[in-house]
There are 2 protein chains.
Amino acid sequence: MVERRSLAALFLALPVAAKAQGADPLPSWREGPRKHALLDFVASVSREGSAGYVPPAERIAVFDNDGTLWVEQPAYPQLIFMLDRIRALAPQNPAWQQDAVFRAAIAGDLRGAMAGGHEGLMRLAGAAMAGNTPEDFQRIAADWLKTARHPRWNRPFTALVYQPMLEVLRFLRSGGFANFIVSGGGVEFVRAFAEDTYGIPQHQVVGSSFALKVTEDAGRLTLLREPRVDFIDDGPGKPIGIARHIGRRPIAAFGNSDGDFEMLRYTTEGAGKRFGMIIRHDDAEREFAYDRESHIGRLARALDAAPAPGWQVVSMREDWARVFA
Amino acid sequence: MVERRSLAALFLALPVAAKAQGADPLPSWREGPRKHALLDFVASVSREGSAGYVPPAERIAVFDNDGTLWVEQPAYPQLIFMLDRIRALAPQNPAWQQDAVFRAAIAGDLRGAMAGGHEGLMRLAGAAMAGNTPEDFQRIAADWLKTARHPRWNRPFTALVYQPMLEVLRFLRSGGFANFIVSGGGVEFVRAFAEDTYGIPQHQVVGSSFALKVTEDAGRLTLLREPRVDFIDDGPGKPIGIARHIGRRPIAAFGNSDGDFEMLRYTTEGAGKRFGMIIRHDDAEREFAYDRESHIGRLARALDAAPAPGWQVVSMREDWARVFA
């Protein structure tokens, strides 16, 4: 007969034992320096008494979204969403036909829609995505994500998230980290799927935003997203968004393009143990291959800078046994 | 002999049983309608199967800070900090003596320092608090909080937090809520003590902010707080700050002044079960008594509006058995 106390102890010990002898937390990562750098970093900062120990409140990890957590080629999913929405709204906006940029967007001509440069894109963005409440816009984006399909795989965009990165998110969480998305994409667009897809709560998403205005609607206080960009969470905007929103310098950052350069610097230039990782898209067969010359997700400056601070440059082709979830 | 499975079940049930028969979660609240409204609300939204059940991810509570979680009279602690800092920096800034607003601030003349109105205060704020990194400023504020004393009680400001509200924070957390501070105060100032004092992580503090600029300092990427207010998280700014930062309409809001009016409305005008609470300062003996005529923490519009949406108006004098922690 088992004594009560020892049975209880046995019972309590079960999960710990399972974890200690447990499975590889990163099964989609091939053995190699990138995988082991990540395993070592997390072990070091989370093991009490270790030289690199970091208290849980300071274990903050930041992730770019497009190209780091999900596919960003042949165009950012939010850009495809924007064009779909311009097409859907076109019948109610006949005046759009007088504008070359809108005409191209309505025709599904991505190149033509982008020919208006930043100014043209901002007009399209305002027309496609503003003029609603944050809650309504999030619903519109979530509905689109349910039916839209990626042109190459004919699968939902939320199915084209990287399995190895889902494992990183889970592994960091189990190591006491709080994971944040710090995306150049619109904050409500990313919030529309971050919780279900990545297990990241909406308040842990930092992104670009339109200006918000307080209005009244049928006697209720309502927020209106105005067609005027308020904050661009890209490049130097990323450390600014992090400081405002998180209030603490992260100790780990994951990105894939020059838009993440300042975030990687800000993270790894802090004192103590730090971790920077760049996902390099070099797998044309299973995903896409692009870097210095790409119009989307250009990676040049951050790649050249990587060796000095010891940023881990992941080869999708070599380091990932599996790409999609 | 106890069967293994039932012993395990018994063992697992222990904490639940302890909680069910457990102590009053709000011991500093006197029995009465306010306390019971709060107990009922939390029970209803967190009990699975209840009509008012709310999934954990949506259990967001927002708290004003000055006058809701800690003392704000005779002046906001951050205002006292600002004047202390102007005095400390005055010897290095002899030109300040040419300016009446600065001269008053240096002399510790609160009324004179405020005579320059909003514009004068913003100049003082910029001179006293900007020109540093968010990390440095947070450290400066934390250092000040260690030595500064409230003029009436001669105690640190962080000791003048309301015990009943600490109990509310803990009680909500135990009910699966995420608590956020949404303060008109500077975001880094509040972050300097929120974690230690309230158990609220830095990324769950929303506040006012100066503009941030990315610069270089000795080859490291550095953020500089510029003497230019970027966002005022007060009045209509509060729902905007909530939408940007939290991304979800809270289901419970706690405030004490007209600066919280829009936050209370935004919270309680959402669909489903909602909770709004106003702390009314009517206890001159144990704390302060002020409302409609106060220059700080004026409470008029929100008080008049409270009955219709059923906001709970707390009488410090009647409802709180104890005021300070």
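## Surroundings of A:T268

Beyond its neighbours within four places in sequence, A:T268 is in contact with A:A253, A:R274, A:G276, A:P309 and A:W311; two residues are in contact if their C-beta atoms, placed from the backbone, lie within 7 Å. A:T268 belongs to helix α11 of chain A. Helices (H or I, at least four residues) and strands (E, at least two) are DSSP runs, numbered from the N terminus. With 22 other C-beta atoms within 10 Å, A:T268 is buried. A residue is buried if 20 or more other C-beta atoms lie within 10 Å of its own, exposed if 12 or fewer, and partly exposed in between, with C-beta atoms placed from the backbone. A separation of 50 Å lies between the C-alpha atoms of A:T268 and A:P91, which are 177 residues apart along the chain.

The model is predicted: local features need pLDDT of at least 70 and side-chain atom pairs count only at pLDDT 80 or more, whereas totals for chains, interfaces and linings use all residues. Residues are numbered from 1 along each chain as its sequence is written, and chains are lettered from A and ligands numbered from 1 in the order in which they are written.

## Chain A as a whole

Chain A contains 13 helices and seven strands. Its C-alpha trace spans about 80 × 50 × 40 Å along the principal axes.

Of the 325 residues in chain A, 44% are buried. Among contacts in chain A between residues at least 6 apart in sequence, 65% join residues at least 24 apart.

Helix α2 of chain A (residues 33-46) has 14 residues, which should span 20 Å at 1.5 Å a residue; its end C-alpha atoms are 20 Å apart, in agreement. The expected span of a helix is 1.5 Å times one less than its number of residues. A:R34, A:K35, A:L38, A:F41, A:V42 and A:V45 are the buried residues in α2(A). They cover an arc of only 135° around the axis and therefore lie on the same side of α2(A), the arc being that of the directions from the helix axis to the C-beta atoms. A:P33 and A:A43, on the other side of α2(A), are exposed. The buried residues of α2(A) pack against α8 (163-174), β6 (275-280), β7 (312-315) and α13 (316-319) of chain A.

The 14 residues of α7(A) reach 21 Å from the first C-alpha to the last, close to the 20 Å expected at 1.5 Å a residue. Buried in α7(A) are A:P134, A:F137, A:Q138, A:A141 and A:W144. Their arc of only 125° around the axis puts them on the same side of α7(A), while A:D143, A:K146 and A:T147 are exposed on the other side. The cover over the buried residues of α7(A) includes α3 (77-89), α6 (117-129), α9 and β4 of chain A, together with α10 (237-245) of chain B.

## Backbone features in the loops

The peptide bond from A:Q73 to A:P74 is cis, with omega near 0°, and A:P74 is found in the loop between β1 (60-63) and α3 of chain A. In chain B, a cis peptide bond joins B:Q73 and B:P74, with omega about 0°.

A:A218 has a positive phi of about 50° although it is not a glycine. This residue is found in the loop between β3 and β4 of chain A and is exposed, with 5 other C-beta atoms within 10 Å.

## Contact between the chains

The contact takes 34 residues from chain A and 34 residues from chain B. On the side of chain A that touches chain B, the largest share, five residues, comes from α10(A). By class, this side has 19 nonpolar, five polar and 10 charged residues; Ala, Val, Leu, Ile, Met, Phe, Trp, Tyr, Cys and Pro count as nonpolar, Asp, Glu, Lys and Arg as charged, and the others, Gly among them, as polar.

A rotation of 180° with 0.0 Å of shift along its axis superposes chain A on chain B (RMSD 0.0 Å). The two copies are thus related as by a two-fold rotation axis. Copies are superposed by least squares on the C-alpha atoms of residues with pLDDT of at least 70 in both. Because 100% of the interface residues of chain A are also interface residues in chain B, the copies meet through the same surface.
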